[in-house]
Amino acid sequence: MNPYYELPQDEAGYSFGFLDEYAKREVRRNILKAICIPGYQTPYASREMPMGRGFGTGGLQLTLSLIGRGDTLKVIDQGSDDSVNAVNLRHFIELTCPGVDTTERTQDATLIQSRHRIPEMRMTSAQTLVLQVPYPDPLVVVEPSEARRKIMHGEGDYSRLLTKLYEDIVHFDEITISHRYPTRINGHYVLDPSPIPRFDVPKLHQSPALILFGAGREKKIYAVPPYTNAEPLVFEDVPFRTEDFSDAQGRRRSCHRCGATDSFLDEFTGNDGERIYQCSDSDYCHQRLSTQHSAANEVSR
Amino acid sequence: MKKILGVKNLGKIHGSGCPRCLESTGPDAGSNICSHCSSVVAAANISFDLHAGEVLGIMGESGSGKSTIVKMLFFDEEPSLGEAVFFDDERQWDLFSVNAAEQRWLRNHRFGIVYQNPHLGLNFNFSAGGNIAERLLMSDLAHYGQIRERARDLLTRTEVMPERMDESPKKFSGGMQQRVQIAKALSTSPPVLFLDEVTTGLDLSVQARILDLILEIQQELGTAMIAVTHDLGVIRLLATRTIVMKNGRIIEAGLTDQILEDPQHAYTQQLVASAL
Amino acid sequence: MVNIPVLTVEKLNKRFFLHEQETFIPSCDDVNLTVNNKEMTALVGPTGCGKSSVLKCIYRTYLPRGGRILYHAEDGHTTDLAQASDHRILELRKRGIGFVTQFLHCLPRKATLDVVGEPLLVRGEKKAAARDAAADILRLLNVPERLWHVPPATFSGGEKQRVNLARGLISRPRLLLLDEPTASLDPATTERVIELLSAIKAKGVAMLAVFHHPELVRRLADRVVELTPQGAEFQETEEKIQ
């Protein structure tokens, strides 16, 4: 290491991106390793962040290690840019990464950090998605010993996860896993895709954008590299199904704001007690609305 | 009949071991603890052949090393000495030099085991059918309908009511749990089945019916079996050939009727005499 | 017509050593005999002279201590049963050598039909075929049909004996060892058994037998070997008694 090399620091003594250069370099190296072994949980030295574990510190360390001055960042929490977690993380990154642009528009972002959702808009190969992960190992539900889980991963032995699915079908007539659906990457490792709904799992498959997963508390990084196969674990005769949002008549429900029938919908109860459905991805909803407005203005003009 | 398993000088030493372990243990020394280094020689100089479709009994008191042999052959324990060759349909497997993935493949496809303790053989967090499903899934069958059908057939065959297949074996009686274990072990039609004290601790009437079942299956499928037991009755009923063990060594081997009617070794004579 | 030897026993010796008591128990010594096909050799002698032991040594339930027991297979191959491997013995028991004792050893909970058919199952024959063959032979031995589907555990001595015979005969062995097969049979059934044994003898089966009644020896045996506690004397009956 060049002893005369000066690390860039702000006036308070913090490096760009809060983490020191060595920490960022270590994270980057492990990101590369994670990309090289698709779906493999790469251990890394998760640093203490000035916020509690579980607030997205894993994702944040990935973002801080990757972000540079030319980047445009978008932070999402459960589809929304305005919820507490997203606002705070965005604020922290703005504070520690001077000169970085932020945006709410999916297509404008070069780097997106998200919790529990993948944006509705198809991402491009110029973009990177960072997902915050609470529990990285899908096998934890069937095998308590980490040493044995590692062997199972190494041998690609996921029969016990499938047995879990078998039990689900036996007891509930369908697979009841609503989120964190175990997904096999590039034909070998099965990963926990973080708490994204089943609806988002197909977006992992052959995604043009690089998708990275960071678990701060569990100290693991894993990746779905661009254009990589991602297949949810299924039985040959029981196909994988996403949430279909159909009503009692079998019609697809739509967003009550923008009318979208192709997005993941949040359900809540209105003032009169009626059920209301609305896009979970707020940016998608907004952009649809503004296009509809301008189209309406065109017509009225 | 074709040889299916050849075991040569198999041995297991717990502890550091020393060059004098083997000479200072065994039936002549009356102990399996080495007087020089205090290592436990659980089994040593174990050699035998298993032929396709036969039942080999391994008899001996607790601590004689009989279960250790089966555990080593099923890869539950790593041997310290010796070799074992499995003669499969297409190829030969040198059991103690295959890699972990091959071991797993052999365990799932070619070998089956029924333990004395159902907790070892069954996952009580899964249903009875789920336990069979697990083994079928391990052997790369991934069709839900077929798995279910096969599990139902197997449980019916082993006389577990199929309408209880979706219950956890936790709720089953000891005999029923053994039946589920047998169904699970047989699910991939393995040519070799290991039975480790399968009827120990069960009621006499339940024991009898489990043994009947094993014998029927043996005749139907021609599965080669190694039955480990301390029970002479089980040996008499199941085994065509028998190995008698003491202090980790084979002291006598022969046709079961010969072992029972004309035992040669003092220990075997004592064993047979005390059973009558 | 020359009958060919199926079994030759030379200088057979057997004694037991009891470790606990540290004593030898002599069983039989210097036994020589021959069994030809289409013939029956009978072993006679006083109680305790080792008649059953000879049979058991041949079947290898007992380990012979000395001598040779030569089994001549159909293909001309000769096996010394005293030395043969366990697997070879099992092979011969499956097809070749049958043993009918005065006691019935079988699974206590199996239907009689299956008990009798078992030797065929072990050989790999289908269950239905084995049951058919068992039914034929049980009918031949006058075992009432109502007993076929229940386990033989509760049968009378004579019924059990017939089941036992049926089991020994069903596999059509080349060499049949008989240890008092008619011990507990009534005269009518004994007569039936004699007819049956004569019939299978005529078909070419070689037999070595121990009988309770001298009458049976007289009627069935072609050769008689008399054993004494010291050893065996070779005496051949002059002619076949019809």
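A: In this predicted model, Lys219(A) is found in the loop of chain A between strand S8 (210–215) and strand S9 (220–224). Its phi is near 60°, a positive value in a residue other than glycine. Is Lys219(A) buried, exposed or partly exposed? Since a residue is buried at 20 or more C-beta neighbours within 10 Å and exposed at 12 or fewer, Lys219(A), with 18 such neighbours inside 10 Å, counts as partly exposed.

Arg60(C) is not a glycine either, yet it has a positive phi of about 70°. Arg60(C) is also placed in a loop, the one between helix H1 (51–59) and strand S4 (66–72) of chain C. Arg60(C) is buried, because 24 other C-beta atoms lie within 10 Å. Pro50(A) belongs to the loop of chain A that runs between strand S1 (42–43) and helix H2 (57–66). Pro50(A) counts as exposed, because it has 8 C-beta neighbours inside 10 Å. From Pro50(A) to His205(A) there are 155 residues in sequence and 34 Å in space, C-alpha to C-alpha.

Chain A is divided into domain 1 (21–232) and domain 2 (245–301). The centres of these two domains of chain A, taken over C-alpha atoms, are separated by 27 Å. Contact between them involves 14 residues of domain 1 of chain A and seven residues of domain 2 of chain A.

The next step leads from chain A to its partners. Two pairs of chains touch, and chains A and B have the most contacts among them. Here 15 residues of chain A are in contact with 17 residues of chain B. On the side of chain B that touches chain A, helix H2 (100–110), helix H4 (128–138) and helix H5 (144–157) of chain B each supply at least two residues. H4(B) gives the most to this side, namely six residues. By class, the side of chain B that touches chain A has nine nonpolar, five polar and three charged residues. Chain A and chain C, by contrast, are joined by no contact, and their closest C-alpha atoms lie 35 Å apart.

Chain B also meets chain C, through 18 residues of chain B and 16 residues of chain C. Helix H7 (204–221), strand S10 (249–255), helix H9 (256–261) and helix H10 (266–275) of chain B each supply at least two residues of the side of chain B that touches chain C. The largest share of this side, four residues, comes from H7(B). Its classes are eight polar, five nonpolar and five charged residues.

Chain C, in turn, is divided into domain 1 (1–96 + 173–233) and domain 2 (102–172), whose C-alpha centres lie 23 Å apart. The contact between these domains takes 16 residues from domain 1 of chain C and 15 residues from domain 2 of chain C.

Helix H5 (residues 157–170) of chain C has 14 residues and reaches 20 Å from its first C-alpha to its last, close to the 20 Å expected at 1.5 Å a residue. H5(C) is largely enclosed by the rest of the structure, because 12 of its 14 residues are buried. Among these buried residues are Val163(C), Leu165(C), Ala166(C) and Leu169(C). The buried residues of H5(C) pack against strand S6 (97–100), helix H3 (112–122), helix H4 (127–140), S7 and H6 of chain C. After H5(C) comes Arg172(C), whose phi is positive, near 45°.

In soluble globular proteins, nonpolar side chains tend to be buried together. The largest nonpolar core has 200 residues, and Leu195(B), Ile226(B), Ala166(C) and Leu177(C) are those with the most contacts inside it. Another core, of eight residues, lies apart from this one and includes Cys255(A), Phe264(A), Leu265(A) and Tyr284(A).

Technical notes: Residues are numbered from 1 along each chain as its sequence is written. Chains are lettered from A and ligands numbered from 1 in the order in which they are written. This is a predicted model: local features need pLDDT of at least 70, side-chain atom pairs count only at pLDDT 80 or more; totals for chains, interfaces and linings use all residues. Ala, Val, Leu, Ile, Met, Phe, Trp, Tyr, Cys and Pro count as nonpolar, Asp, Glu, Lys and Arg as charged, and the others, Gly among them, as polar. Domain bounds come from an automatic or database domain assignment. The expected span of a helix is 1.5 Å times one less than its number of residues. A nonpolar core is a set of buried Ala, Val, Leu, Ile, Met, Phe, Trp, Tyr and Cys residues joined through C-beta atoms within 7 Å.
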